[in-house]
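Here's a quick walk through this model for anyone meeting it for the first time. Have a look at the sequence and the 3D view, then read on.

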Amino acid sequence: MSDPGFIRKYIFSTDHKVIGIQFLFSSLIFMFFGGLLAMLMRWQLGWPGSPLPFMEKIAPAGMPGGIMVPEYYNMLFTMHGSIMIFFGVIPLLVGAFGNYLIPLKIGAPDMAFPRLNMLSYWLFPIAAATVLAGFFVEGGAAASGWTAYPPLSGLKETMGPGQTLWAAGVVILGFSSIFGAVNYVATIINHRAPGMSFHRLPISIWAMFTTAVLTLLATPVLAAAMILLLLDRCLGTSFFLPAGMIVDGTPLAHAGGQALLWQHLFWFYSHPAVYIMILPAMGFVSDILPNFSRKPIFGYKAISYSAVTIGAVGFLVWAHHMFQTGMNPTLGTTFMVSTMAVAVPTGVKVFSWLGTLWRGSIRLTTPMLHALGFISMFIIGGLTGVFLASTPVDMYMHDTYFVVGHLHYVLFGGSLFGAFAGITYWFPKMFGRKMNDRWGKTHFWLTFLFFNGVMFPMFILGLGGMPRRIYDYTQYAGLVHFAPLNRMMSVSAFCLMATQLLFAFNFFRSLFKGEKAGPNPWEATTLEWETPSPPPHGNFAKTPVVHCGPYEYSVPGMKRDWQMQTEKHA
Amino acid sequence: MTTDAHSVHTGDTSTGIPSAKLGMWLFLASEVMFFTGLLGATIVLRAGMAHWPRPGEDLSIPLAAMNTFILLSSSMTMAMSVAAVHQADSKKIRLFLLLTILLGTAFLGVKGYEYSIKFAHGHFPGTALFWDCYFTLTGLHGLHVLAGIIANLWILWLTFRPNFLRSDGHRVELSGLYWHFVDLVWIFLFPLLYLI
């Protein structure tokens with residue numbers, strides 16, 4: 001094959017592996033930025049009203065004299081959430097790993113629609129630029145929370161042009177997600193290698209399949225909601241704006257709209273989005289655990305079908321975010337029951353993972369540590385979710401730091417440890433070199449320690465009545481005693497951020513100086529490990545033929561303790 | 001080894017379904033949810049309103065009925081164009097594609113005429129919730145019709161290239177799937193906005 005030239009090969013590439021790596025780098029950069037925004041929030045929470053002199057130059061309006069104003073704090077938590085979810089976790093787990101792994105793991109030369117795939121990637125920076133442009137317009141970026149509840153978000157009078165840019169960017173990103181999802185589903189259904197039946201697919205692929213179906217069916221509803229919000233903001237329509245509103249003493253002309261309608265439409269997407277952000281991580285862990293336990297996975301079908309079940313039930317739980325909104329209480333009970341039902345397939349997964357570890361020959365590599373970190377932290381995230389799903393409990397906990405703790409245990413403790421497990425596991429495949437194991441383990445333990453240092457106290461704060469999204473809790477006498485705890489959390493947060501520099505250092509150093517990895521450094525069984533590291537364009541020299549399931553470790557009577565999926569065992 | 005450019009429009013895949021067709025169906029599933037969100041929002045908003053225009057009070061049912069007829073006819077011509085692909089009759093493919101494009105344009109023309117009447121009466125998005133819903137739903141549907149017309153124009157241009165049937169014939173069916181979907185959306189919009 002002739003050399004396509006640098007631009008076609010690395011920038012406007014249609015190769016799924018290059019697109020996956022593009023998503024990987026972009027999303028990691030956005031996560032780093034989103035993390036920095038959180039550091040500013042932690043500064044304000046740890047030392048409310050203390051000046052941070054260098055910030056005066058960066059944000060003269062938001063931090064005059066280095067002291068944060070409340071509006072700036074609102075913008076910080078809005079953009080932290082939006083960036084982490086839309087431009088960090090989803091593109092990392094789905095964009096990067098979905099693209100990189102799907103064709104390799106099912107034995108295909110590329111995605112079903114390579115050009116559509118390229119378009120899906122390039123819409124991503126356009127969407128990000130649109131949202132981030134908000135930082136440079138009057139009034140700053142969006143500041144109505146990542147959930148953008150109207151009427152606050154729907155009025156020009158309350159939110160500046162940054163909010164319009166935010167909604168427009170999210171619509172563009174929606175197209176990127178939908179195109180990606182069409183590609184994933186079509187590829188998994190149609191481009192499996194001979195012998196690769198659905199029941200021989202690695203569980204990460206089952207997870208990606210479910211994720212893509214969720215994306216395909218939920219994202220357009222968010223797009224519809226965003227378009228209605230944009231019309232409310234730009235054309236003066238009243239979809240989400242009720243009658244009788246007065247801003248700065250001026251009555252507004254809007255009438256008839258329903259603010260609750262937004263919440264229904266928004267959460268119809270955003271709750272499935274929670275599963276979009278966790279299912280892929282569950283998939284990686286399901287691939288990694290059997291390898292480093294040198295055992296077949298426990299309950300292959302139970303785990304894969306439970307992913308599908310979580311996806312299906314995930315469409316029926318959205319209003320559990322709305323127990324406190326004045327929604328019909330009978331409806332609340334329905335959503336409480338459906339939400340608690342999600343714990344069943346989730347429990348099936350957790351016990352199957354524990355069953356996989358049971359009496360395995362554990363190899364405590366860096367990816368394995370992250371996978372174990374995932375399970376333990378995700379259990380805390382999941383169980384606190386059951387608390388919140390219970391309507392009477394939620395009446396007390398809603399919009400407190402308990403919710404913030406819960407979502408960070410799922411999204412950082414779950415998704416991010418899963419992502420670190422995935423990155424450290426597939427790094428040798430992606431770049432042909434191993435990451436440094438000692439640095440990797442140090443990074444894991446410090447991240448694990450500081451993560452819990454920031455997030456666990458949130459449950460205590462929440463139970464103690466500290467509201468989320470609060471600029472200065474010390475104005476409430478009943479919360480002042482939380483100041484030392486908040487300072488401890490802030491110190492942990494700064495250490496957590498600094499620890500990620502260690503990861504970045506290891507990542508980039510290993511890109512150039514890491515030990516060379518052969519095709520199969522982890523002695524794994526699935527198809528991607530049959531290719532050279534990194535795999536060439538087109539992946540497989542000849543189409544692989546699959547003879548067995550994805551987790552054939554320690555097969556009795558074999559010399560090696562693993563059987564590749566293409567191997568026949570007499 | 002099959003190359004992907006090949007298997008996209010042939011049935012040489014794990015399931016025997018051409019990937020392009022599968023992809024179009026998946027995209028349409030996504031489109032269904034998009035309009036479900038919008039239609040659902042309209043129904044919920046209407047349920048919360050004390051006043052909503054009665055059928056025929058503000059909108060012209062005869063004009064919309066005519067437009068429904070035009071759009072249904074365009075679905076027929078689209079189907080006949082797809083049938084002509086199976087007969088490998090390039091002239092018929094072109095004729096029926098052209099008719100589909102013309103009928104689609106006529107639909108947009110009638111819609112534009114309706115809009116101009118509303119504007120003349122002072123009805124714009126932002127004047128009342130009913131008009132917000134009306135203009136948003138018909139406007140987004142109109143954009144979909146426009147996209148279908150553009151797709152058909154592109155395919156019409158392709159038909160003049162040599163080897164059209166062999167390399168791009170499947171595109172008529174793909175465009176047809178999309179066109180029928182857009183037609184179907186109107187079948188929901190017509191009663192929701194005009195008749196009930």
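## A helix to start with

Let's begin with helix α2 of chain A, residues 16-46. With 31 residues at 1.5 Å a residue, α2(A) should span 45 Å, and its end C-alpha atoms are 44 Å apart, so the two values agree. Keep in mind that this is a predicted model.

Is α2(A) mostly covered or mostly uncovered? It's mostly covered: 22 of its 31 residues are buried.

## One buried leucine

Now pick out Leu229(A), which sits in helix α7 of chain A, residues 203-234. Leu229(A) has 28 other C-beta atoms within 10 Å, and 20 or more is the cut-off, so it counts as buried.

Which residues does Leu229(A) touch, leaving aside its neighbours within four places in sequence? They are Pro150(A), Ser153(A), Gly154(A), Ala167(A), Phe240(A) and Trp262(A). There's also Leu155(A) to look at: it is 74 residues away from Leu229(A) along the chain, yet their C-alpha atoms are separated by 9.2 Å.

## Two helix pairs in chain A

First up are α4 (residues 70-106) and α14 (residues 401-431), both in chain A. Their axes come within 11 Å and cross at roughly 30°. That angle is under 35 degrees, so α4(A) and α14(A) are roughly parallel. The crossing of α4(A) and α14(A) is left-handed. On the α4(A) side, the contact is made by Val89(A), Leu92(A), Leu93(A), Phe97(A) and Tyr100(A). From α14(A) come Leu411(A), Ser415(A), Ala419(A), Gly422(A), Trp426(A) and Met430(A). By class, this contact has nine nonpolar residues, two polar ones and no charged ones.

The other pair is α15 (residues 437-463) and α16 (residues 483-513), again in chain A. These two pack at an angle of about 155°, with their axes 8 Å apart. Here the angle is over 145 degrees, which means α15(A) runs roughly antiparallel to α16(A). Their crossing is left-handed. The residues of the α15(A)–α16(A) contact split into 16 nonpolar, eight polar and no charged.

## Where the chains meet

Finally, how many residues of chain B are in contact with chain A? The count is 29 residues of chain B, in contact with 35 residues of chain A. On the chain B side, the elements giving two or more residues are α2 (19-47) and α5 (129-158). The largest share, 15 residues, comes from α2(B). Sorted by class, the chain B side has 16 nonpolar, 10 polar and three charged residues.

How values were computed
Residues numbered from 1 in each chain as written. Chains lettered and ligands numbered in written order. Predicted model: local features only at pLDDT ≥ 70, side-chain atom pairs only at ≥ 80, totals over all residues. Axes fitted to C-alpha atoms, helices over the stretch in contact; angles between N-to-C directions. Helix = DSSP H or I, 4+ residues; strand = E, 2+ residues; numbered from the N terminus. Parallel < 35°, antiparallel > 145°, perpendicular 65-115°, else oblique. Left-handed = near helix turned anticlockwise from the far one by under 90°. Nonpolar A, V, L, I, M, F, W, Y, C, P; charged D, E, K, R; others polar. Contact = placed C-beta atoms within 7 Å. Expected span 1.5 Å × (residues − 1). Buried ≥ 20, exposed ≤ 12 C-beta atoms within 10 Å, placed from the backbone.
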